[in-house]
Amino acid sequence: MGLGLALLVGLLSGCSGDQGKETIRFTFSKREAIGFMTKLVADYNASQDHTEVVLDTSGVDVVSASFVRGNPPDIALANYNMETSRFVQRGVLSDLSETGAASRIREDLQPLMDQYGSYPGRTSALPYSIMASSVIYNKEIFAANNIEVPRTWSELIAACDKLKAAGVTPFYATWKDDWTIAQGWFDYSVGGQLDTLGFFDKLESEGTAVGPESQASFQKDFDQPVDKMLTLAKNYVNKDAASRAYGDGNLAFSQGKAAMYLQGPWAFSEVAKTAPNLQLGTFPLPMTENPEDLRVRVNVDLAAWIPEASKHKDAAHEFLEYLYRPDMIEAYNASQLGFTPTKDASGVPDPRVEGMAKYYNNAQVYQGPSVLVPKTIPIMNYTQALVFGADPTSTLRTLDADWARLAFRQ
């Protein structure tokens, strides 16, 4: 309620106290960074006398409804996912290809933007923040047990066995929350072995023919990664994993109850609440015997776009360029432990995510398969069922059947 009142006061003041200014509505979807973006908007409004930016944090459902009403925001920074991609594919977002911001975006990140579709002849959205995820590990526990960061599957198993023999739980698992399995255990295992974007491209082309005999199928391509995931899940986790939730995991990991944690960088701030000086690092989960296969999971945490229906495009474009100023975009990503998608990014990564930096810089990345499966298929439930003991062959066969049915309906 307090946030809503603050935004309303900001809107009213923009209408009354700055009557000579053109007002634009700026939608921002990352709630954890509202404080940062509130200050950025205030600084921008104070830096010039022709535009008043009003921050809107009402959420994606409200934004979707605003397109239907013909009154979308003038500019947005929002999570880039299947919901946002609907705006791209329907051609309701304007072309940003000629902006200064677009000229500075790394070309090798384009597949992450194209994975959800595109609109002919347009650059409909620009990445703003890339979030990378991998194994979080306790450096103090690794050092105390003389364990080096593993770079192959065999080294990972050897490290787990050594930890277990020393009475240390290798991985802390929180299977009560199914999303933690899909985002971490499942995505890291599959992405560590397969070209996920290539796999889903093939799957798309198969349509209703997806099955064990098709060019790509869950049964055929995911069986080995899932088998390795279950090897870790059955042998190297806390005994109460089935009843532990995300919050439990953050607390337990902060207390040194496990050496590794399959979570994203958002967990660092939660762990720091009880153990601010804990020495943590990150590394890609090794799933093969070739260190060259190491990659980290990424997603476009925020992307910028400007609707075609905006009545204030020029002002929105000016604010877009401000958002992409090196000092602004790099400061934002540093505050959220994200990676900056621009070619001229110079920020030094936080020590906690430094272990992922070289993989991100070399484009050794993958998109998690759990976010590439349409929401009508309950992938999180399936991954939870797997760690709870469901038959992998049967579960992957069900995934193939679900995909084929969805392709038929479409």
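This note goes through the pockets, cavities, helix packing and aromatic pairs of the structure.

1. **Basis.** The model is predicted; local features need pLDDT of at least 70, side-chain atom pairs count only at pLDDT 80 or more, and totals for chains, interfaces and linings use all residues. Residues are numbered from 1 along each chain as its sequence is written, and side-chain values use heavy atoms, with hydrogens and water left out.

2. **Largest pocket.** The largest pocket holds about 1,100 Å³ of space. It has 38 lining residues, and N79, N81, N299, V371 and K375 are the closest to its centre. On a 1 Å grid over the protein atoms alone, a pocket is an open set of points with protein on both sides within 12 Å along at least five of seven lines; a cavity is a set where a 1.4 Å probe fits but cannot get out; lining residues have an atom within 4 Å of a point. Points are joined across faces, edges and corners, and a volume is the space filled by probe spheres set on them.

3. **What builds the pocket lining.** Two or more residues each come from α3 (60-69), α4 (82-89), α9 (178-191), β8 (296-305), α18 (369-372) and α19 (379-387). Strand β8 gives the most, with five residues. Helices (H or I, at least four residues) and strands (E, at least two) are DSSP runs, numbered from the N terminus. The lining has 20 nonpolar, eleven polar and seven charged residues. Here Ala, Val, Leu, Ile, Met, Phe, Trp, Tyr, Cys and Pro count as nonpolar, Asp, Glu, Lys and Arg as charged, and the others, Gly among them, as polar.

4. **Largest cavity.** The structure has three cavities of 30 Å³ or more. About 50 Å³ lies in the largest cavity. Its lining includes R151, T152, G192, D293 and R295. By class, that lining has five nonpolar, four polar and three charged residues.

5. **Second largest cavity.** This one holds about 40 Å³. Y172, A173, T174, T180, W185, Y261, L262 and Q263 line it. The lining has five nonpolar, three polar and no charged residues.

6. **α9 against α19.** Both helices also give residues to the lining of the largest pocket. Axes are lines fitted to C-alpha atoms, for helices over the stretch in contact, and angles run from 0 to 180 degrees between N-to-C directions. Angles of 65 to 115 degrees count as roughly perpendicular, under 35 as roughly parallel, over 145 as roughly antiparallel and the rest as oblique. Contact (heavy atoms within 4.5 Å) involves, among others, W179 and F186 of α9 and I379 and V387 of α19.

7. **α8 against α12.** What angle do the axes of α8 (residues 153-165) and α12 (residues 223-235) make? They cross at roughly 5° and come within 12 Å. The helices are therefore roughly parallel. W153, L156, I157 and K164 of α8 meet K228, T231, L232 and N235 of α12.

8. **Aromatic pairs.** The whole structure has 26 aromatic pairs. One of them is tilted: the ring centres of Y128 and Y332 are 5.7 Å apart, with planes at 50°. Y128 lies in β4 (residues 126-138) and Y332 in α16 (residues 326-336), so the pair ties together parts 204 residues apart in sequence. Rings of Phe, Tyr and Trp (its six-membered ring) pair if their centres lie within 6.5 Å; planes under 30 degrees apart count as stacked, over 60 as edge-to-face and the rest as tilted.
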